[in-house]
Amino acid sequence: MPITVTAPTGALTESGECEILPRLTAALLEVSGGTGNDFFTGIIGGTVHLLPPHAIYAGGVNRRIVMVELKLPNIGLPDPQSRAAFIMAATDIVEALTIPSHNRADTWVNILNAPDGGWGIGGRAYTGDTLIAAVAAAGTA
């Protein structure tokens with residue numbers, strides 16, 4: 001489940017650049033109830049993109065936005081409450097790992113769901129049922 005963080009260079013603290021993906025991963029695991037499941041943990045990855053500040057826009061003007069995008073199967077974060085919990089957790093994480101002048105309102109979180117069978121790893125497309133089965137099997141191993 002890819003997590004992409006896009007931020008202007010200098011918005012994240014030096015340690016924040018290294019800590020943001022592990023913390024976002026932990027937040028997703030916690031909100032999803034997957035903490036401690038090796039299979040589920042292993043299918044969460046991501047990238048941090050640091051762009052020149054002049055290359056980030058909002059409302060058609062240059063603005064120092066930090067964007068967090070989570071892509072996951074349509075069974076992930078299946079209800080408004082779980083999505084809201086991840087959005088709040090991700091925003092709190094960004095706030096903790098950015099420089100003091102970063103405005104919380106300049107943190108945007110976007111959750112994208114793949115259709116059933118439209119998400120996969122290693123050439124294997126997972127449906128919701130096969131993914132649930134794989135996560136469950138790892139939880140009992």
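These legends walk you through several views of one predicted protein model.

**Before you start.** Residues are numbered from 1 along each chain as its sequence is written, and side-chain values use heavy atoms, with hydrogens and water left out. Because this is a predicted model, local features need pLDDT of at least 70 and side-chain atom pairs count only at pLDDT 80 or more, while totals for chains, interfaces and linings use all residues.

**View 1. The whole chain, from end to end.** The protein chain holds four helices and eight strands; helices (H or I, at least four residues) and strands (E, at least two) are DSSP runs, numbered from the N terminus. The C-alpha trace spans about 45 × 30 × 30 Å along its principal axes. Among contacts (heavy atoms within 4.5 Å) between residues at least 6 apart in sequence, 75% join residues at least 24 apart.

View 2. Of the 141 residues, 36% count as buried; buried means under 20% relative accessible area, exposed over 50%, and partly exposed in between (1.4 Å probe, protein chains only). There are 7 positive and 12 negative side chains, and the centres of the two sets lie 6 Å apart. Lys and Arg count as positive and Asp and Glu as negative, with His and the chain ends not counted; each charge is placed at NZ of Lys, CZ of Arg, CG of Asp or CD of Glu.

**View 3. The largest nonpolar core.** A nonpolar core is a set of buried Ala, Val, Leu, Ile, Met, Phe, Trp, Tyr and Cys residues joined through side-chain atoms within 4.5 Å. The largest one has 32 residues, and Met 1, Ile 20, Leu 24 and Phe 86 touch the most other members. Two or more residues each come from strand S1 (2-8), helix H1 (14-32), strand S5 (66-73), helix H3 (80-97), strand S6 (107-114) and helix H4 (128-140). H1 gives the largest share, six residues. In soluble globular proteins, nonpolar side chains tend to be buried together.

View 4. Ile 20 lies in helix H1 and is buried, with a relative accessible area of 0%. Beyond its neighbours within four places in sequence, Ile 20 is in contact with Val 5, Leu 12, Val 48, Ile 93, Val 94 and Leu 97. Leu 24, with residues up to four places away again not counted, touches Ile 3, Val 5, Val 68, Phe 86, Ala 90 and Ile 93.

**View 5. Ile 111 and Leu 77.** Ile 111 sits in strand S6 and is buried, at 17% relative accessible area. Its contacts, leaving aside neighbours within four places in sequence, are Leu 70, Leu 72, Leu 77, Arg 83, Phe 86 and Ile 87. Although Ile 111 and Leu 72 are 39 residues apart along the chain, 7.8 Å separates their C-alpha atoms. Leu 77 lies in the loop between S5 and H3 and is buried, with a relative accessible area of 3%. Leu 77 has a positive phi of about 45 degrees, although it is not a glycine.

View 6. Arg 64 belongs to the loop between strand S4 (61-62) and S5 and is partly exposed, at 33% relative accessible area. Not counting residues up to four places away in sequence, Arg 64 touches Pro 8, Thr 9, Gly 10, Ala 11, Pro 53, His 102 and Asp 106. Asp 129 is found in helix H4 and is exposed, with a relative accessible area of 65%. Asp 129 and Asp 116 are 13 residues apart in sequence and 8.9 Å apart in space, C-alpha to C-alpha.
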